[in-house]
Amino acid sequence: MNEAEAILMGLRVWAMIGAVVAAVFLTVGMDRIDEDAQGAYIFRPLLIPGVLVIWPLVLWRWYVYESGREVWSRRYAPPRRAHFAVGLILPVGIAVIILTGLVLRQTWPADIAPVQLSTAQEVSQ
Amino acid sequence: MSDKNSPFFVGYLSAPQALRTFLMVICVVFVSGLAGLGLALGVAQDDPGDGAFRFDYGRQTVTGVLEMTPYPVVRVTEGNERIADGQTLMLSGQGKNSIMTRASPLEGQLVKVSGVILDRGDLEMLQLRGGRNGLSAVEGTAPQMQTEQLGRWRLAGEICDGKCLAGAMRPGRGIAHKACANLCLLGDIPPVFVTTQPVEGHEFLLITGPEGTALPPSAYHHVAQFISLEGDVERRGDLLVLKMDPATVEVVR
Amino acid sequence: MSVKYIPVQWNNNKYIYDVVMLAGVALFLYVFLYAAPGLLSHERPVNPQVHNARAFGACAFVMLTVILCIGPLARLDQRFLPLLYNRRHFGVMTVFVAITHASYILNWYFAFSSSDKFEALLFANTSYAQLGGFPFEVFGIFALTVLVILAATSHDFWMKFLTPPVWKRIHYLIYPAYLSVVAHVSLGILQDQQNHVFTVIFIGGAVAVGVLHLMAALHERRADAAIAARAAAWVDICDVSEMSDGFAKIRLLPSGERVAVYLNDGTLSAISNACAHQNGPLGEGRIIDCLVTCPWHGFQYDVTSGRSPAPFTEKVPTYNLRLDGTRVQVDPAANPPGTYVEPVAVPGHAQQEAPA
C-alpha cells in the first residue's frame with residue numbers, strides 16, 4: 001500500500017466509524033441529552049455529515065453530558081481574546097503568503113539562447 | 001455599543017426604516033459587484049495556446065519504424081496526405097495510459113500505427129487506438145534509420161508532458177497543471193522540453209534521461225518550472241531528442 | 001431559536017438574504033461561464049472543464065472573501081449586522097461551489113490515468129521540499145475539508161450540543177482555511193497568470209480581509225480597555241445617570257467574563273453578555289417588549305432571570321447587583337443560568353408601563 005492508498009483507507013475507516021456513531025447517536029443518544037431533540041426527527045439526517053467528520057468530539061460531548069461533567073459557566077465564556085490574535089495573524093499571514101507567491105513567480109526566460117557546448121564528434125569520442 | 005439613535009435589526013422582524021436604504025445599497029453593490037467580478041475574472045484568462053486534438057483530420061494510419069527513445073516514436077516510411085514520409089511521430093495511448101508493453105516488443109520493426117493526431121506548431125503526437133488496431137507489426141524489413149548526433153547543448157525552458165502540451169488539455173502546461181503533467185509522465189507519455197528559442201529550428205524537443213533512459217525521478221520536481229539544463233541532442237527525422245543530464249538542472253531566477 | 005429542532009428555520013429576512021446571495025452567485029457564474037468566453041479572443045478556447053473549474057474556484061474565493069469581511073465590518077459598524085444574520089447559508093453555499101470546483105479539477109487533471117483519481121491527487125506531485133512547483137493542491141484540500149466541517153456543523157443543534165465556545169473554536173478554523181486558500185492561489189494559478197486583472201482582484205480581496213480583521217481587532221482592544229473593571233468584591237459598573245432605559249452597560253470582569261447591566265423600566269438587572277446561542281454580545285442588543293434581544297440572531301431573554309420566554313428553553317447566567325449611592329455595582333460571581341434576581345429599583349426613576 002502506498003501513502004496515498006493509506007491516507008484514503010484512513011479516511012474510509014474514519015467515515016465508517018463515524019457512520020456507526022451517527023447511527024447510535026442520532027437514534028438513541030440525542031434524545032437522552034437534548035430535550036429540544038425529543039420528538040424532532042426530520043432535522044436529524046442533516047446532522048449525519050457533521051457526525052461523520054467530527055465523531056470523536058461527538059463521543060466526548062456525549063460522555064460529558066451523560067456523566068454530568070458539564071460545567072455551565074464554560075458555555076458562556078466565548079474565546080473573544082482570539083479575535084485579537086486572528087486580527088494580527090490573518091493580515092501578516094496573507095501578506096507573507098502573497099509576497100512569497102509573487103517572489104516565486106518566474107518570467108519566461110525568452111532572452112536565454114540555446115548554447116551548443118560541443119559538437120557531435122566530441123560527444124561521440 | 002448600541003444607543004437610542006442607531007437602528008436595531010432583529011432578524012425575524014422587518015428591517016428598521018433607517019436601515020433599509022443602506023441595506024438596499026449593499027444588495028445592489030453585492031449583486032452587481034459579483035457580476036462585475038465574474039466578468040473581470042472570466043475575461044482575464046490567458047490564451048491557452050493553439051494545441052488541439054485534430055479530430056477534424058479524421059483517423060490517421062501510417063507505416064514506419066518504431067523506435068524507443070525510451071518513449072515510443074515512429075519514423076514514418078509510408079505516410080499519407082497529412083503525414084509525410086520521414087516525419088517522426090511521438091506516440092501515446094488513450095488518456096494517460098502507457099503503451100510501453102505494446103510498443104517494446106516491436107522496437108526496431110516496421111509497424112502500422114493508427115489514431116488521432118494532436119498538434120501544436122511543430123509538435124505532433126499520435127494518440128493510438130486501442131490494442132492491435134492502434135499498433136501492429138507489418139510485413140517487411142525495417143529500413144535503417146539515421147540518427148544524427150548534434151552535440152551537447154545548454155538550453156533554457158520548461159519540461160511538459162507532450163500530450164497535454166500538444167493539445168490534449170488547454171492549458172496544458174504551467175504550475176497549475178503540474179500535477180496533471182506528472183501523472184501523464186508517470187503513464188509514460190513522452191515528455192517534451194519547450195525551449196526559449198529554437199534549437200536547429202525546433203521549439204519542442206522530446207526529452208529523456210541520460211543514455212536513453214526514462215526521465216529521471218528528480219526531473220519530476222522541475223516539471224512546469226522554468227529551468228536551464230544541459231544534455232546531448234540528436235535528430236531523429238524531424239524530431240529532436242534531448243538526453244538531459246540531471247546534474248545540470250538549474251531553476252531560472 | 002430552538003423549541004423543537006427543524007431542518008432550516010426560515011423567515012422573510014432570510015428569504016431576502018438568500019435570494020440576494022443566490023442572485024449574486026448565479027450572476028457571477030453565469031457571466032464567467034457564458035458571457036466571458038465570447039469576449040476572449042483565444043485562437044482555441046480553454047477546455048470547458050478548466051473554464052468551469054476556474055469559474056467555480058474564483059466564485060468560491062470571492063464568496064469566502066465577502067463572508068470573512070462581514071464579521072469585522074459588523075464589529076466596526078453595527079449597520080452591517082444584518083449581513084451577519086444569515087451568514088450561515090452563505091457559508092454552506094460556498095462549500096457547494098468549492099466542491100464543484102474541486103470535482104471539475106479531480107475529473108479532469110487527475111482523471112484518464114490507470115490510477116484512482118483520489119490517489120492520483122495525492123501522489124502525482126510530491127515536490128513538498130520546494131516552493132516553486134509545490135503541490136498547492138494540498139492547500140485546497142485542507143481548505144475544502146475545513147469548509148465541509150464548518151458546513152456540516154452549522155445546524156443550531158451543534159451550537160447547543162458542542163456549547164458555543166467549543167463550536168466557535170471549531171469555526172475559527174475558517175482563518176487557517178482562508179490562509180490556505182490564499183496559499184492555494186498564490187502557489188497555483190498566480191504562478192502562471194499573465195493577465196494581471198486577476199492578480200489585482202485576488203490581492204485586493206485577500207488584503208481587504210486582512211486589513212478589516214486588523215482594524216476590528218484594534219477596535220475591539222480599545223473597547224475592551226474602556227470596559228475593563230478592577231478586581232473587587234463588588235465591581236463598579238458606572239453611575240446610574242449614565243444608563244439609558246432599554247440599553248446596557250457592558251463590563252469586562254477580572255475573570256474575563258463580560259456582564260451586561262440593563263436599565264429596564266427604571267430597574268437594574270445584570271446578565272451574562274454571552275448569548276446561549278452563539279455567545280453573541282447581549283449587552284450590545286436592547287430590550288424589546290421587556291426582553292433583552294441579541295444583536296446577532298435575535299435570541300431573547302428575560303433580563304431578571306436570564307430565561308428565554310416560553311416555549312423557548314435558552315438560559316444565560318445572571319448577576320447580583322446593588323446601588324451604592326448612584327454607583328451601579330455587580331457581584332462578579334455569576335449565578336447559574338436562569339437564576340431569578342430581584343431587579344434593583346433606581347430611586348426617583350419614573351417607572352412606566354411598557355408599551356404594548
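Colleague: So domain bounds come from an automatic or database domain assignment. How many Å separate the centres of domain 1 and domain 2 of chain B, taken over C-alpha atoms?

Modeller: The centres are 19 Å apart, taken over C-alpha atoms. Keep in mind that this is a predicted model, where local features need pLDDT of at least 70, side-chain atom pairs count only at pLDDT 80 or more, and totals for chains, interfaces and linings use all residues. Residues are numbered from 1 along each chain as its sequence is written, while chains are lettered from A and ligands numbered from 1 in the order in which they are written.

Colleague: What is pLDDT?

Modeller: The predictor's confidence in each residue, from 0 to 100. Chain C has a mean pLDDT of 94. In chain C, 97% of the residues reach 70 or more. The model's ipTM is 0.95 and its pTM is 0.95.

Colleague: Back to chain B. Where do its two domains run?

Modeller: Domain 1 of chain B is 52-137, and domain 2 of chain B is 148-251. Their contact takes 24 residues from domain 1 of chain B and 26 residues from domain 2 of chain B. Two residues are in contact if their C-beta atoms, placed from the backbone, lie within 7 Å.

Colleague: Which strands each supply at least two residues of the domain 1 side in chain B?

Modeller: Strand 1 (52-53), strand 3 (72-78), strand 4 (88-92), strand 5 (110-120) and strand 6 (123-128) of chain B. Helices (H or I, at least four residues) and strands (E, at least two) are DSSP runs, numbered from the N terminus.

Colleague: And by class, what is on that side of domain 1 of chain B?

Modeller: There are 10 nonpolar, eight polar and six charged residues on the side of domain 1 of chain B that touches domain 2 of chain B. Ala, Val, Leu, Ile, Met, Phe, Trp, Tyr, Cys and Pro count as nonpolar; Asp, Glu, Lys and Arg count as charged; the others, Gly among them, count as polar.

Colleague: New topic. How is chain C divided?

Modeller: Chain C has domain 1 (12-224) and domain 2 (235-345). Their C-alpha centres lie 38 Å apart. The contact takes eight residues from domain 1 of chain C and seven residues from domain 2 of chain C. Helix 3 (81-85) and helix 8 (164-171) of chain C each give at least two residues to the domain 1 side. That side has six nonpolar, no polar and two charged residues.

Colleague: And chain A?

Modeller: Chain A is assigned domain 1 (3-70) and domain 2 (77-104). The centres of these two chain A domains, over C-alpha atoms, are 32 Å apart.

Colleague: At what angle do helix 1 and helix 2 of chain C pack?

Modeller: About 150°, with their axes 10 Å apart. Helix 1 is residues 12-39 of chain C, and helix 2 is residues 48-76 of chain C. Axes are lines fitted to C-alpha atoms, for helices over the stretch in contact, and angles run from 0 to 180 degrees between N-to-C directions.

Colleague: Which residues meet there?

Modeller: From helix 1 of chain C, they include C:V25, C:F28 and C:L29. From helix 2 of chain C, they include C:H51, C:N52 and C:A55. By class, this contact of helix 1 with helix 2 has 11 nonpolar, two polar and no charged residues.

Colleague: Sheets next. In what order do the three strands of the open sheet in chain C run?

Modeller: The order is 1-10-9, with antiparallel pairing. Strands pair if DSSP finds at least two bridges between them. Strand 1 (235-239) and strand 9 (321-324) of chain C are at the edges with a single partner strand each, so one side of each has no neighbour in the sheet. The twist averages 30° from one strand to the next.

Colleague: How many bridges link strand 9 and strand 10 of chain C?

Modeller: Four, in the antiparallel sense. C:L323 stands opposite C:V328, which is in strand 10 of chain C.

Colleague: Now between chains. How many residues of chain C are in contact with chain B?

Modeller: 66 residues of chain C, against 54 residues of chain B. Helix 1 of chain C gives the largest share of the chain C side, 13 residues. That side divides into 35 nonpolar, 23 polar and eight charged residues.

Colleague: What about strand 1 of chain A and strand 8 of chain B?

Modeller: They pair in the antiparallel sense over three bridges. A:S118 has B:R152 as its bridge partner in strand 8 of chain B.
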